Amino acid sequence: MSIRIAAFLAIVIFASTAGEISITYGMKNVGEPHRLLPREIFEFLKRALRTGWFWLGIPLMTMSFYATLVLLSWAPVSLVVPATALSYAVGALGAKFILKERVSRMRWAGVGLVCLGVMLAWTG
Amino acid sequence: MSANRSVRAKTFSLVVLMVLCSSVGDIFLKLGMRKIGSVNLAPEALVTTFRATVTSGMIWLGILCLLSGFVMYLMVLSWADYSYVMPSTSFGYAVVALLSVLILRENVTLARWAGVLLICFGVTLVGRTEPRTNNRFP
């Protein structure tokens, strides 16, 4: 694997995870809609669009998206998709250490199976 | 305990709805692009393709589904763990594989079905954990 492919894989994985963690943090601060009715959902969205964390997350996720497109122009899908499946594991680490979620053993096992499943589905 | 159960039911149903919406959105995009045809990268051809996409009902339906899925994603993250929602969304791989065979009549390889099966096992394990483990947020 060339160094530029490895570098772009790292960008895809870390930018998407950072973006999603930033958005999760923002949504936790916004607080959940009390009831899932159209009016409350609309109010929730208005509050969501006003948080800085949301607007930090979107460009990070966009960056990851474009880095994926660049990768796909260099390498086959059967390399790109399985490699980016690592972001499930990186995401769980981020959830544990940054968002302070309790990632139980069962959840780790689930994340591991999902990673393996994505790798199997796109390499085979 | 019953509060926990209702959080679990609410999270579960919204995640399922979100995954279905996004997957159906992807299928609509594929149906729309299939009608438009393979994209030619010559500048004048790109303009024609762009025009074809913004006037295609299928493409707009796809975008609408994907946007609704994203709104549900934001909502569910306002209470549920990221480490619960993020792996659960991979259930979409199974939905897309199924819809590709049923609607798009594409071929799905055995290896891909095996991978999808592993993903489903993984999501089932994640689904059995508490959706919300950090209550320190406001």
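In chain B, 78% of the contacts with a separation of 6 or more are made by residues 24 or more positions apart, a contact being counted where heavy atoms lie within 4.5 Å. For chain A, the corresponding share of contacts with a separation of 6 or more is 74%. The structure is a predicted model, in which local features need pLDDT of at least 70 and side-chain atom pairs count only at pLDDT 80 or more, whereas totals for chains, interfaces and linings use all residues. Residues are numbered from 1 along each chain as its sequence is written, chains are lettered from A and ligands numbered from 1 in the order in which they are written, and side-chain values use heavy atoms, with hydrogens and water left out.

Chain B contains six helices and zero strands, where helices (H or I, at least four residues) and strands (E, at least two) are DSSP runs numbered from the N terminus. Its elements follow the order α-α-α-α-α-α from the N terminus on. Chain B is more spread out than a compact globule, because its radius of gyration is 18 Å, well over the 14 Å that the globule rule gives for 138 residues; this radius is taken over C-alpha atoms, and the rule is 2.2 Å times the number of residues to the power 0.38. Along the principal axes, the C-alpha atoms of chain B fill a box of roughly 60 × 40 × 20 Å.

Chain A likewise has six helices and zero strands, and its C-alpha atoms fill a box of roughly 50 × 35 × 25 Å, taken along the principal axes. Of the 124 residues in chain A, 44% are buried, while buried residues make up 39% of the 138 residues in chain B; buried means under 20% relative accessible area, exposed over 50%, and partly exposed in between (1.4 Å probe, protein chains only).

Within chain B, helix α5 covers residues 91-102, and its 12 residues should span 16 Å at 1.5 Å a residue, which agrees with the 17 Å between its end C-alpha atoms; the expected span is 1.5 Å times one less than the number of residues. The buried residues of α5(B) include Val95(B) and Leu99(B), together with Gly92(B) and Ser100(B).

As for charge, chain B carries 12 positive and 5 negative side chains, with the centres of the two sets 7 Å apart. Lys and Arg count as positive and Asp and Glu as negative, with His and the chain ends not counted, and each charge is placed at NZ of Lys, CZ of Arg, CG of Asp or CD of Glu.
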